[in-house]
Amino acid sequence: MSQPVSINRRRFATLAGATALSTPMLARAQTRWKPEKPITIYNPFAAGGVTDVHMRLLAEAVGKILGQQVIIDIKPGAAGTLAPAMLLNAKPDGYTLAVMSINTLRYPHYQQTNWNPLTDFTYITGLSGYTMGIVVRSDSPWKTFQDMIAAGKKDPDKYNFGTSGVGGTGQLMMIEVEQATGAKFTHVPYKGGAEWMQALMSGEIQFIADAAQWAPFVDDGKCRILAFATEKRIPRYPDVPTMIELGVNVVGQSPYGLLGPKGMPPNIVDTLYQAFKQASAEPKVIEYLAKFIQVPWDKNPAEFRAFAEKYYVDVKPLLIKAGLAKS
């Protein structure tokens, strides 16, 4: 009986020694990152827009959590993909990040790029997502979505609509609408919601097909929603139908999140994820997003990457159908 006990003791000693050796390594791997200088986040969306203000609110909160200033640097261009593209030349040290719009997962399908969204970035966290709809000014002769479609059939390409860019969710949404109904409209891309709201109110465009930068204008009685590009009605506007209800099977998917350069250490990624998750739960952040029918979109690094990998594959047939990509 003594031999097994001796063997068990030796095994325990071996395991204890291994544990003693591995524990510091594990602790080091999980050590919380403490930034020593300001963090810069490139934002592809225009100054003054919903995402810009959202990011500045998050930056303020994250700055307090991490003890360093977080700077939001506006980098519009390339259909919202310039900001993440700038990460190619950045060090993976956590000090340079970028907001990724969903168009980052579409653009390489129809435009040559020097980056691959699945291999050239580190996915950190999901942030939020836009609620998409069709909106006109309150004095528009179109009272319903059907009125708009009828006008687009009677006078093809006569009426202009605004979105946040070529290849964006708004344009893809309208391409599907046109293909389903036979109506034709003229697309006018803008850098962001602040610009296309000004264009709508000045009469430069007749309607918006994009995210709910328009919500406060609707609430003030200056604009009217004709339809939502959502799966279900929005509780805040219970009388507004979805396009699905109206016979047009279109849902506008448009979340955004935070990226870093490829090769970021896990402890830096986790620190940033936890900080932004905490900041996203701040009442003033939630209250601001609610004004524009948005909610936090909490995705941890693995979940965010899994979403990106799936969407990158799933969206290509839609882009081909829209004539933006080749099979």
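## Aromatic cluster

Tyr123, Trp297, Phe304, Phe307 and Tyr311 are linked into a cluster by ring pairs. Rings of Phe, Tyr and Trp (its six-membered ring) pair if their centres lie within 6.5 Å. The structure holds 17 aromatic pairs.

The model is predicted: local features need pLDDT of at least 70, side-chain atom pairs count only at pLDDT 80 or more, and totals for chains, interfaces and linings use all residues. Residues are numbered from 1 along each chain as its sequence is written, and side-chain values use heavy atoms, with hydrogens and water left out.

## Trp33 and Tyr95

Trp33 and Tyr95 pair edge-to-face, at 5.3 Å centre to centre and 65° between the planes. Planes over 60 degrees apart count as edge-to-face, under 30 as stacked, the rest as tilted. This pair links distant parts of the chain, 62 residues apart. Trp33 sits in the loop between α1 (2-29) and β1 (39-43). Tyr95 sits in the loop between α3 (82-85) and β3 (96-101). Helices (H or I, at least four residues) and strands (E, at least two) are DSSP runs, numbered from the N terminus.

Lys37 lies over the face of Tyr95, 4.7 Å from the ring centre. The criterion is NZ of Lys or CZ of Arg within 6 Å of the ring centre and within 35 degrees of the ring normal.

## Nonpolar cores

The largest nonpolar core has 58 residues. Such a core is a set of buried Ala, Val, Leu, Ile, Met, Phe, Trp, Tyr and Cys residues joined through side-chain atoms within 4.5 Å. Ile41 is one of the members that touch the most others. Helix α2 (residues 50-66) gives the most to this core: eight residues. Apart from it lies another core, of 25 residues, including Tyr42 and Leu319.

Key. Buried means under 20% relative accessible area, exposed over 50%, partly exposed in between (1.4 Å probe, protein chains only).
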